[in-house]
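Let's take a walk through this model together, one neighbourhood at a time. Have the coordinates open and follow along.

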Amino acid sequence: MQANLVVPIIENARLWGLLIAHQCSEPRHWESFEISLLSQLADQIGIAIAQSRLLTQEKEQLNLLQQQNVDLEIARKEAEKATIAKSSFLATMSHEIRTPMNAVIGMTGLLLDTNLDARQRDFAGTIRSSGDHLLNLINEILDFSKLEAGEMQLENLDFDIDISIEEITEILAPSSQFKGIELASFIHPNVPKCLRGDVSRLRQVLLNLTNNSIKFTSKGEVTIEVTLQSETERDAILRFAIIDTGIGIPLVAQENLFQPFTQVDASTTRQYGGTGLGLAICKQIVELMGGSIHVESEENKGSIFWFTTPFQKQDNCFRNNADAEVLENVRVLVVDDSTTNCNILYHQLCSFGMRVDAIQHAQLTLSYLEKAIAENDPYKLAILDMQMPILDGEQLGIQIKSSPKLKDIHLVMLTSLDQTGDATRMIEIGFMAYLRKPVRKMRLLNCLIEVISGITQKSDIESPIYPVCLLPPTQHSNLKILLAEDSLVNQKVAINQLQSLGYQADVAANGQEALKLCSQIHYDIILMDCQMPVLDGYNTSRQIRALETTNGCLDSNKVTIIALTANALQEDRDRCLAAGMNDYLSKPVRKENLADILSRWSKIIAQRGDLETTKIAETNFSDTKVAKPNSIEEKLEVDWAYLEEMSNGDEEFKQQLLLAYLSSLAEHMEALKIAIAKKQYIEIEQEAHFIKGSSAAIGINGIAKLASILEESSKQKILPENVILLFDRITLGLNEIESHV
């Protein structure tokens, strides 16, 4: 060994090896350029080794990433399968529960229509209310499923916040009165009244939260308060608070309160019931609407559930309170032991232009009234609460009317516990009006105008706030009806319901039997169960429609098929329409709903004899002549009370509203006609949605329902078999409205 030059090979600051240059022939002195060359070569080798190692690591990471992607794809498919399985389970569960519930609720309804003694009626009523409660639980689970799957859609409709809140208090008034607690609502004066948004979902959240507050409150009051959080020229963010004096919620339980299937504790579940889904559903709906929900509570002192949500402002908001001029500067005394009710009435009456004083101690009333007379500024009106300690409203009214100095003061009674005979007794005492709480603002306004102006001297005694089902009078019908239903119990329920409504029906136990009967008898209506052995309702409907097409049957002669299904999801309704069915009834079938749908379709069938029906072509849409209905109320399902309330009784404004509605729909109807002819599903959906929203906004519910059928079917890229009839019914409805303007 004569001479060696050794240079280290460094890879990532670590010694990887040595690069050696060896000369064995003779000793030598290595030159600097030789050392530099060998060092550079060693550096390049180190870099190459590092790059090779990185490449190996990159390949390993790439393989790992690919494996992770494969695993994620497998997990995604498994999740999709789980979602499908969950939806299938929910649909099956809904069907399996609703089928026997149809018998429970249907037969109980029939039982309640018979002559029962008080004890028997109480038993039957308990069964009916328990069945309703069970259905509510099922609906909560289905709602939660839709939210979890991201399938819930929001609507954007015009609404009046005053009317919407007052409707909620009226719905829940019976349950609060049964528990002996006050239910009130207070909308701050600066809150915009005419808004756009999904009012049905807002109502669902408020009903759920308010009903919860009533459920967990044994004494005191529950108040719905609406305040303005912020606003711009076009939008407003509102804060809704439900305030109660109930049992309260421990701080530790508040953190998980909005999680699904959560209750405060097991004892609460046992005592008050529920799935624990209500608040979770409320949270998801509020967040879907762009807001947030919160709770503030203290044990044994009550709770405040509040949420915020944005809404658009309507461009035009007409409110005509011209008649309220008669209340300007009228001095009124409010007597109510509830601070909340005093505050609410104070703000409402002030908004009418009245001069308001409020006291919470009934025994001070006479001194207040007498003092005002002495000051030569007497009260013209006193509003008294019925339920007050020491001295109630009835006793106070007797004292006032017994005083020669005070007997001319107009008295109005407010009560939260209406009992038979109370109204008549109050009028005999001398009260001018008797109103049940919670009182709608417009109802209170109209009542006070009548009392002060003296336009009418009769008492303002309201109809009961409890929902009353007004069924059409029982009379014999010539409609030929076929009931296709496999369950013997459901057959019995349906036949009894039909007979009590004046209808007769044949029965088929499955779709095959229904087809056989249809080949022998021309039926006007088939009540078609969707789940049947041998041949289900969907395939039966398709075969009926195919036979009608093969035989060249005109639309006017086609049988009307109404689905009876225990499945309650939107896709079930769409599936029914896609199969050629005309309408849909969800089980359990209530007698009043059955009466309504049969009445509506019997009138349509009566019109069909006067219809000249043709099929639509690919590029044109033929006109169809339709006989006019006997009355606009019967055919259009117009909510005249809602329309009247929107226009505040101003006939001229109501006419303007209807004219604006008709003019705005003209171009959309023409566009819908063209879209149907060309089968442009996206355009059909858009135009039908506009027509539905515009109609529902002013209470023309019949047209809104028809447009909704077109909208939902077009989402599935299908058109219902009766699309011409649907369009013609909408056109007919608009013509009828135009004839009344």
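Start with a side-chain pair: E34 reaches R28 through a polar contact of 2.6 Å. (A polar contact is a pair of N or O atoms within 3.5 Å; within protein, one must be able to donate a hydrogen and the other to accept it, and residues adjacent in sequence count only if both atoms are side-chain atoms.) Before going on, some ground rules: this is a predicted model, where local features need pLDDT of at least 70, side-chain atom pairs count only at pLDDT 80 or more, and totals for chains, interfaces and linings use all residues. Residues are numbered from 1 along each chain as its sequence is written, and side-chain values use heavy atoms, with hydrogens and water left out.

E34 belongs to helix α1. Helices (H or I, at least four residues) and strands (E, at least two) are DSSP runs, numbered from the N terminus. At 17% relative accessibility, E34 is buried; that word means under 20% relative accessible area, while exposed means over 50% and partly exposed is in between, with a 1.4 Å probe and protein chains only. What does E34 touch once its neighbours within four places in sequence are left aside? The list is L5, R28 and H29, where contact means heavy atoms within 4.5 Å.

Now look at the surface. V6, I10, L15, L18 and I20 make up a nonpolar patch there, with about 470 Å² of accessible area together. Patches are built from residues with over 30% relative accessible area and no salt bridge, joining like charges within 9 Å and nonpolar side chains (Val, Leu, Ile, Met, Phe, Trp, Tyr) within 5 Å. The areas come from the Shrake-Rupley method with a 1.4 Å probe, and for residues only the protein chains shown count as cover. Both β1 (3-11) and β2 (14-23) supply at least two residues of the patch, and β2 gives the most, with 3. L18 sits in strand β2 and is exposed, at 51% relative accessible area.

Next, the charged pairs. How many salt bridges does the structure hold? There are 17, each being a side-chain nitrogen of Lys or Arg within 4 Å of a carboxyl oxygen of Asp or Glu. In helix α1 (residues 32-112), E73 and R76 lie 3 residues apart, about one turn of the helix, and their side chains meet in a salt bridge at 2.5 Å, N to O. E73 is partly exposed at 32%, and R76 is partly exposed at 38%.

Elsewhere, R331, R355, D357 and D377 are linked in a network of salt bridges.

Time to go inside. The largest nonpolar core has 39 residues, and L202, L206, L209, L238, F240 and F307 touch the most other members. Such a core is a set of buried Ala, Val, Leu, Ile, Met, Phe, Trp, Tyr and Cys residues joined through side-chain atoms within 4.5 Å. Elements giving two or more residues to this core include α3 (161-179), α4 (199-215), β7 (235-244) and β9 (302-313), with the largest share, 6 residues, coming from α4. Beyond its neighbours within four places in sequence, L209 contacts I242, L279, C282, I293, F305 and F307. A second, separate core of 30 residues includes M669, I698, V723 and L726.

Finally, some backbone geometry. Most residues other than glycine have a negative phi. V534, in the loop between β18 (525-529) and α15, has a positive phi near 70° and is exposed at 66%. K679, in the loop between α20 (651-678) and α21 (681-697), has a positive phi near 55° and is partly exposed at 43%.
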